[in-house]
Amino acid sequence: MSPVGQLIGPVTIAGQAEALADLQPLLDALTPGAPLQGAAELILQHLTGALLAFVKGGAPSIGSDTGPWMALAEALSLIGTDTAMNTVRILVQAGTEKPGDLTAEQLAQLGVAARGLLDFAWSHDPRMEQFVIAGINGVANTMVSDPQATVALLRRSLEPEHLRQFGYEELEWITRHILTYAAHDLEFVVDLYTSIFGYEEPAGDAKTNISTSAIMSFSSTRRQKYEMAWWLLGEAASRLLDEHPFDGTRAIARGLDGYVLRHETSPKNPNVLEDFDLDGRPARYVHDRSYSWNGPGVQHHRDAPILLNKFDEFLERLTARDNAQDVFARIVEVVADEAGNAVLWARLLAAAAKHPAVFGSAVLPLAGAQPILGSLETRFQVGNYLAAVFSALNAKHKASIERAILDLSGPGSSGSQKILAGCLPAADCVTPDMHAFQAQLASNAEASVNRPAMQFHSESGVYDTDAYLADMGVNVTDEENAAIRELMRPVEALPKTRDPNLSLDETRRMLDLIDPLVDRLIGLSQGQIDQRLYEYATGTAAEATHLVANKNYDFAKQADIQDRLKRIFLFAKGSTFPPFSQEHEDQFHDEASWGGPSARNASARGLMVLARYQNPLDPDVQAAVRELARDPVCDVRLQIVQNLYVLRDSDRERMWAEIEHVVEHECTRQVVDSAIQSLAQVAYLDISRAIRIAKRVLDRYKGQQGPGIGRVCQSAASLIMDIHLMFSDREAHEFYAEQLADPSAHAELLHAWVARYSGNLAVGDDTCSDQDRLRTKTIEFYQDTANAVSDAVEKIYADYDLAKSCEWTPEIMSRAKALNGVLDDMALRIYFASGGNNAEPTREELARRWRLYRELIPALDRLAECSVVHTAYYLIQALENFIMADPAGVFRLIVKSVMASSQFGYAFESMGADVVVRIVEEYFADHRDVFSDAARLDELMACLNLFVNTGWPAAQSLAFRLAEIWR
């Protein structure tokens with residue numbers, strides 16, 4: 001029976017089933033080992049798709065009088081086969097999108113199904129992450145049906161070994177429902193905070209997928225994914241505290257304890273625990289070293305300390321409640337019952353100091369506790385609290401606190417006594433001993449200010465020339481230094497951007513500001529000013545002069561301006577900055593960067609601006625250019641070499657000779673690469689010589705590895721390829737053919753060329769113009785590359801078993817990946833050249849699209865053979881843009897691409913299914929006649945069958961419509 005014919009029965013069942021009894025024969029046949037199990041599983045797949053298609057069409061699946069579908073989910077969860085549980089997953093997801101619409105019976109049924117799904121997913125080997133996630137969300141959304149069973153199941157996720165293995169995958173989803181759990185089982189909520197903050201994923205860069213899609217693939221690390229659960233618990237804490245202040249406080253305390261045990265203690269140096277009495281109630285104080293990580297005003301952004309922010313905000317909100325005093329008093333008791341970390345005692349004291357009338361009485365017993373008074377973690381907070389409340393206390397309480405302060409003993413107690421005594425107003429103290437102690441402090445001027453044990457300060461400001469010179473130790477108050485500094489200021493204030501509208505007079509006025517600085521620098525004798533200031537000022541003048549020369553090239557041709565520019569650049573050429581550094585030379589292979597202001601760099605750039613308009617070249621400029629081209633510092637050489645092409649008219653032979661010298665002898669690859677870029681500007685002058693120079697680069701670095709080598713070789717090879725595309729040159733064509741002859745060895749280069757020349761795909765006006773010829777050659781390149789690379793991929797698949805690709809050697813895997821990467825980028829470039837997602841192209845754009853399709857058909861045919869899902873996704877979308885040019889031919893290519901990529905899972909991609917469904921619907925609307933051809937109809941059926949069997953609702957919905965049309 002045809003795939004469409006197989007759908008008619010399930011469509012009927014989906015539309016007519018009213019009770020679970022109507023589906024009992026199917027359930028019986030689905031029982032493991034039943035004679036018709038295989039056929040029943042196929043019917044179940046189609047039935048599920050039909051149901052989802054009905055839902056997509058607006059028919060409800062939950063609520064009163066909606067059919068037995070949640071009962072079916074429960075029944076299938078008891079069968080427990082892979083096929084049955086896949087349908088359970090789909091029904092649980094669909095049924096819990098709006099759990100409030102479920103009837104009580106449906107909620108109970110779906111609760112059983114969801115718990116069965118999660119249990120199945122956790123037991124399944126291999127692990128199926130999508131089933132686990134669906135199960136977690138399902139049991140949370142149906143928790144009200146059986147809270148006890150739900151919590152019992154979810155607690156398995158907190159078992160230490162399970163949490164270590166799968167916490168990074170599961171806990172983000174579990175913690176999304178924290179407030180749902182809080183409505184039914186607060187003990188479980190507290191345990192979530194305990195376990196999740198009690199563990200930390202080890203640091204590492206191992207990647208994990210955020211999505212399972214091969215089309216839209218995102219990656220993260222295990223640690224990043226695990227920490228998302230921390231963040232979600234932090235976000236939920238505010239509402240948890242507002243609605244359940246005591247259990248919320250327990251959760252905060254447990255989470256913080258997990259952090260302290262992970263980060264603020266160690267077996268060799270454990271935290272000290274002290275017991276104390278809290279108004280007749282036993283309490284603990286853990287020295288958690290929070291004085292170093294919990295300073296006043298600190299806002300935490302990661303891990304359990306973010307809970308402190310939420311706790312402080314909650315206490316602030318609590319002050320507005322009528323029962324704030326009673327609630328706060330109970331919170332103090334909750335903290336006393338927990339681990340006793342000092343950080344929470346400190347936060348309670350800080351809140352009481354801020355709101356003494358509301359919270360002051362509840363923490364009064366803390367003010368007499370020795371650990372609270374004498375420890376660095378809480379001394380500052382209790383001192384502030386005492387300053388806020390002491391005057392209002394009765395004599396008994398005052399005397400007790402005064403004695404507690406004076407009774408402090410142990411390391412640091414003397415300092416604590418002085419600080420805390422200073423927090424007590426002398427007029428309010430009641431004991432003679434405290435009066436005497438305060439008097440002694442006053443007479444000896446020993447009173448100490450109450451400050452945090454550790455304080456962090458930061459400053460910000462403008463880091464300008466004055467700040468830099470000060471850091472360098474330059475004394476700019478010295479008379480000569482100060483004079484130079486003042487001359488620098490108007491130069492530094494000159495505009496830094498190029499202005500083509502700048503007038504000749506404005507250009508001269510700018511030079512009028514620079515000349516006095518240069519005159520003063522030239523007139524100085526050795527040692528008259530700080531040498532560092534001299535070099536900095538010279539660089540400032542040179543860079544400003546280069547900017548002036550660069551602002552309007554026409555003015556640089558004026559004789560008087562040329563002379564003024566030349567004088568400054570020749571002066572700057574003699575600067576000692578930049579100095580030579582071997583470390584800098586080594587780093588320059590990969591990173592073309594340098595500091596400034598740099599006098600010789602600016603001089604080299606400026607002299608090349610002058611050379612641009614001089615023919616013949618001024619002898620002084622010529623000599624300076626030659627000298628700086630061989631400068632000992634690489635970035636100075638770069639300024640000359642990257643502009644050598646400007647000498648093509650004034651000093652051509654020197655230009656060629658210098659490029660050849662760099663290619664042959666230059667040790668810094670960034671400079672070599674800049675020589676190739678200059679060569680590209682003048683290759684047309686002597687094509688054979690240009691190719692010979694580029695090949696010399698390739699020969700020089702052949703077989704070598706190192707920073708910058710790949711980029712230099714790619715630039716050289718691309719120059720020859722540019723010549724091949726733009727000119728008719730036999731040697732360039734042979735080089736191109738050599739690269740294609742071994743695509744595996746040159747995959748990286750071919751990949752770069754696919755991107756480099758993609759802009760040529762749509763150029764030209766069909767008048768045999770230069771652009772038309774460039775487009776034609778680019779199309780030929782795309783065609784040749786598609787053929788060569790596809791052949792190489794096919795050979796790999798023929799020589800090695802694709803089904804065992806996980807066993808391939810790294811070399812074979814890398815080769816296949818590189819080759820497929822070329823095809824993938826080609827498909828992406830064609831997609832953009834076809835118009836991308838532009839849904840309203842102009843008539844001219846449509847004409848270019850159709851021309852592109854006609855010219856690319858052979859390449860498209862080979863790309864359609866590619867089995868990589870990402871490649872097929874963009875190729876199919878490009879083909880969608882070509883439908884109007886050739887509906888039948890394009891559909892053939894679309895189906896070919898879908899079928900080829902299905903072996904790598906295209907049919908399992910929801911985005912891929914949506915694209916194909918959208919295209920087929922367009923064909924039904926505008927090009928249905930295409931399917932009058934039996935071959936095209938067979939292709940349609942084969943394509944849809946892939947997605948129908950996979951279970952995508954959009955594809956199944958479309959297929960069911962076909963069943964209705966052709967029934």
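# Salt bridges, helix packing and cores

Asp 466 counts as partly exposed, at 28% relative accessibility. The model described here is predicted. Asp 466 has a salt-bridge partner in Arg 485, with a distance of 2.8 Å from N to O. Arg 485 is buried, its relative accessibility being 3%.

**Salt bridges**

Side chains of opposite charge can pair when their charged atoms come close. The model has 72 salt bridges in total. One of them joins Asp 337 to Arg 281, with 3.0 Å between the closest N and O atoms. Asp 337 is in helix H15 (residues 324-337) and Arg 281 in strand S4 (residues 281-286), so this pair ties a helix to a strand, across 56 residues of sequence.

A further bridge is formed by the side chains of Glu 660 and Arg 689, at 3.0 Å from N to O. Here distant parts of the chain are linked: Glu 660 lies in helix H32 (residues 652-665) and Arg 689 in helix H34 (residues 687-701), 29 residues apart. Some salt bridges share partners, and in this way Asp 791, Glu 794, Asp 861, Arg 862, Glu 865, Arg 892 and Lys 896 are joined into one network.

The accessibilities of the paired residues are as follows.

| Residue | Relative accessible area | Class |
|---|---|---|
| Asp 337 | 42% | partly exposed |
| Arg 281 | 27% | partly exposed |
| Arg 485 | 3% | buried |
| Asp 466 | 28% | partly exposed |
| Glu 660 | 27% | partly exposed |
| Arg 689 | 14% | buried |

Arg 689, at 14%, is classed as buried because the cut-off is under 20%.

Helix H4 (residues 69-79) is mostly covered, with nine of its 11 residues buried. The buried set is Trp 69, Met 70, Ala 71, Leu 72, Ala 73, Ala 75, Leu 76, Ser 77 and Ile 79. After H4 comes Gly 80, which has a positive phi, near 80°.

Helix H21 (residues 413-423) has as its buried residues Ser 413, Ser 416, Gln 417, Ile 419, Leu 420, Ala 421 and Cys 423. An α-helix has 3.6 residues a turn, so residues three or four places apart point the same way. The buried residues of H21 pack against helix H18 (370-374), helix H19 (379-389), helix H20 (395-406) and helix H22 (432-443).

**Nonpolar cores**

The largest nonpolar core contains 158 residues, and Ile 514, Trp 753 and Tyr 906 have the most contacts inside it. Beyond its neighbours within four places in sequence, Tyr 906 is in contact with Val 869, Ala 872, Tyr 873, Ile 876, Val 898, Ser 901, Gly 912, Val 915, Val 916 and Phe 947.

**An exposed loop residue**

Ala 803 sits in the loop that runs between helix H38 (770-799) and helix H39 (810-833). Its relative accessible area is 69%, so Ala 803 is classed as exposed, the cut-off being over 50%. Ala 803 and Gln 903 are 100 residues apart along the chain, and their C-alpha atoms are separated by 9.7 Å.

Terms used
Residues numbered from 1 in each chain as written. Predicted model: local features only at pLDDT ≥ 70, side-chain atom pairs only at ≥ 80, totals over all residues. Heavy atoms only, no water. Helix = DSSP H or I, 4+ residues; strand = E, 2+ residues; numbered from the N terminus. Buried < 20%, exposed > 50% of the residue type's maximum accessible area, 1.4 Å probe, protein only. Salt bridge = Lys/Arg side-chain N within 4 Å of Asp/Glu carboxyl O. Contact = heavy atoms within 4.5 Å. Core = buried A, V, L, I, M, F, W, Y, C linked by side-chain atoms within 4.5 Å.
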